Amino acid sequence: MNIIVTDTSDQAFRYAASMIADRIRSFPTTVLGLATGRTMESIYRLLVQQHDGGALDFSGTTSFNLDEYVGLGAADPNSYRHYMREHLFAHVNMSAERAHVPDGVAADLAAECARYEAAIRASGGIDLQLLGIGETGHIGFNEPPSAFDSRTRVVDLDEVTRRQNSAMFSGDPERVPERALTMGVGTILEARHLLLVAVGEGKAAIINEALNGPISENVSATAIKLHDNVTVILDKAAARSR
Ligand code: GLP
């Protein structure tokens, strides 16, 4: 595992964005695994800047997002499909057909999960998977406990997560959907390279547990220790208790 600790959060975002951009420049048909959350917003902003400056061409790329809230469609400002459009898809030249987000309003959610897994496989698999980390140690929305061989499925969101993400729902955890679709831990572990980014002291405790604690299905992020090609980018606040 390659752990990079930067002085500032901005440096962490720049490091992550340049790794993603370098990958796309070297392999224009890269299959990206994308994440949401506040951490990723700055990374996407930097990628959009590079694209605007003519230095980054997304036309050959394919992407698969990690997760989506059940019940929120593309028009809902809190859906991850909407988030991705706002922060990345609308601003770069990615093909709309190849920018995949699980469909949280599918009539048959189990069928949607199976379809999503099949689409990832049909694309040849994810080359570079971007990951954030939630307070529960989740990657994607793999709340504890999540089996390390779990696949894309419907999950119940932890109360901690609903509280953590409530800022986007007028500060009211009750308004955060109770369920989500998420790639499984097993799905994530099949990506060829994992890139986990965490900044700020609010992440220090869970980062410490994820990187230094025992490998456990009760902390999904510990699964990355089972992967042989992982980059973790932290600012020094998030790395504090390492
Ligand atoms: C959500 C996403 C996770 C992400 C987490 C971190 O819960 N489902 O994939 O890792 O947010 O969020 P933030 O970057 O806002 O701390």
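## Where the ligand sits

A pocket, as the word is used here, is an open set of grid points where a 1.4 Å probe fits, with protein on both sides within 12 Å along at least five of seven lines, and a molecule sits in a pocket if more than half of its atoms lie within 2 Å of the grid points of that pocket. In this predicted model, the ligand sits in the largest pocket.

## The residues around the ligand

There are 14 residues around the ligand, and of these R38, T39, D67, H138 and K203 come nearest. Sorted by class, the shell is made up of eight polar, three nonpolar and three charged residues.

Some of the contacts can be described atom by atom. A polar atom in the side chain of K203 lies 2.5 Å from an oxygen atom of the ligand, while the side chain of N165 places an N or O atom 3.1 Å from a ligand oxygen atom. For G140, it is a backbone N or O atom that lies 3.4 Å from an oxygen atom of the ligand. On its own the ligand has 390 Å² of accessible area, of which the protein covers 97%.

## The sheet

Seven strands form an open sheet with parallel pairing, and their order across the sheet is β1-β10-β9-β6-β2-β3-β5. The edges are formed by β1 (2-6) and β5 (99-100), each of which pairs on one side only.

Within this order, β2 (residues 31-34) and β3 (residues 62-65) pair in the parallel sense over four bridges.

Note on methods:
Residues numbered from 1 in each chain as written. Predicted model: local features only at pLDDT ≥ 70, side-chain atom pairs only at ≥ 80, totals over all residues. Heavy atoms only, no water. Near = heavy atom within 4 Å. Polar contact = N/O pair within 3.5 Å; in protein donor to acceptor, adjacent residues only side chain to side chain. Areas by Shrake-Rupley, 256 points an atom, 1.4 Å probe, with all protein chains shown as cover. 1 Å grid on protein atoms, 1.4 Å probe; cavity = no way out; pocket = protein on both sides within 12 Å on 5 of 7 lines; lining within 4 Å. Nonpolar A, V, L, I, M, F, W, Y, C, P; charged D, E, K, R; others polar. Pairing = 2+ DSSP bridges. Helix = DSSP H or I, 4+ residues; strand = E, 2+ residues; numbered from the N terminus.
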